[in-house]
Amino acid sequence: MERPAALRTREVRDRALFDLDDGPVTPSNRAELTAVARLLNVLLASMVVSSLQYEQHALLVRAPSDRPVVEFLLACADRDRGSARLLAARIRQLGLDADHDPQHLTARSRVTFRTFADGDLTGIATQDLVGARILVQTLQEAVRWVGDDDPTTRRLLERLLEDKEAEADQFGAQALAATAGAAAATAGEGSTSRP
């Protein structure tokens with residue numbers, strides 16, 4: 001019985017020596033690298049725009065009682081910036097360039113930047129939940145598209161997907177709480193204005 005190609009030492013060594021300038025990308029990586037880099041640049045842009053939106057939304061939450069919301073939004077912004085750095089590093093490993101040009105970020109981003117009036121927790125939580133869900137769907141599709149052609153990129157995308165799903169779950173809870181709080185405030189205003 002013949003051993004699989006991955007276990008044949010000489011063949012693995014010969015393939016590893018082929019095109020040393022390609023860095024970690026070996027001939028066993030079957031992905032179309034330019035297309036993968038384009039996909040990763042879309043995700044990078046989406047993460048950068050998402051992080052900026054979280055920062056902006058954190059600045060709009062002013063009530064001292066909402067400090068945990070501010071801290072959560074800032075943590076989400078930091079996570080998305082970290083995700084963007086990981087995506088940029090992977091693009092570089094593939095031998096291509098990450099595109100951080102601000103003129104191109106919003107055009108490539110799947111997340112639409114939207115701001116709200118000060119203290120509009122319902123709008124902020126809903127928009128951030130929508131943004132997180134968009135990224136979840138985009139990452140799911142990216143994982144399926146990359147498949148087994150580039151296992152390293154797939155694992156990165158799966159890790160980012162797991163983080164974004166957890167974030168969307170937290171936003172879902174916050175959106176419900178903000179909606180319930182807004183409804184209670186409206187009901188309270190209506191009951192105090194009656195004679």
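Mentor: H2 and H3 are roughly antiparallel to each other, a label given to angles over 145 degrees, while angles under 35 count as roughly parallel, 65 to 115 as roughly perpendicular and the rest as oblique. Helix H2 covers residues 33-60 and helix H3 residues 67-93, and the two pack at an angle of about 160° with their axes 8 Å apart. The axes are lines fitted to C-alpha atoms, for helices over the stretch in contact, and the angles run from 0 to 180 degrees between N-to-C directions. The helices themselves are DSSP runs (H or I, at least four residues; strands are E, at least two), numbered from the N terminus. The residues in the contact of H2 with H3 comprise 17 nonpolar, five polar and four charged, where Ala, Val, Leu, Ile, Met, Phe, Trp, Tyr, Cys and Pro count as nonpolar, Asp, Glu, Lys and Arg as charged, and the others, Gly among them, as polar.

Before going on, note that this is a predicted model, in which local features need pLDDT of at least 70 and side-chain atom pairs count only at pLDDT 80 or more, while totals for chains, interfaces and linings use all residues. Residues are numbered from 1 along each chain as its sequence is written, and side-chain values use heavy atoms, with hydrogens and water left out.

H2 also packs with helix H5 (residues 121-146), at an angle of about 165° and with the axes 11 Å apart, so H2 and H5 are likewise roughly antiparallel to each other. This crossing of H2 and H5 is left-handed. On the H2 side the contact (heavy atoms within 4.5 Å) includes Leu39, Leu43, Met47 and Tyr54, and on the H5 side Ile124, Leu135, Leu139 and Trp145 are among the residues involved. By class, the contact of H2 with H5 has 14 nonpolar, six polar and one charged residues.

Two residues of H5 can be followed individually. Gly131 lies in helix H5 and counts as buried because its relative accessibility is 4%, buried being under 20% relative accessible area, exposed over 50% and partly exposed in between (1.4 Å probe, protein chains only). Gly131 is 33 residues from Lys164 in sequence, and their C-alpha atoms are 10.0 Å apart. Thr126, also found in helix H5, is partly exposed at a relative accessible area of 36%, and its C-alpha atom is 7.7 Å from that of Phe171, 45 residues apart in sequence.

Beyond the end of H3, Ala98 is found in the loop between H3 and helix H4 (102-108), and with 27% relative accessibility Ala98 counts as partly exposed. Leaving aside residues up to four places away in sequence, Ala98 touches Asn41, Leu44, Ala88 and Ile91.

As for the whole chain, the secondary structure comes to six helices and zero strands. Buried residues make up 38% of the 195 residues, and of the contacts with a separation of 6 or more, 77% join residues 24 or more positions apart. The protein exposes about 11500 Å², of which carbon and sulfur atoms supply 55%, with the areas coming from the Shrake-Rupley method with a 1.4 Å probe and, for residues, only the protein chains shown counting as cover.

How values were computed. Left-handed = near helix turned anticlockwise from the far one by under 90°.
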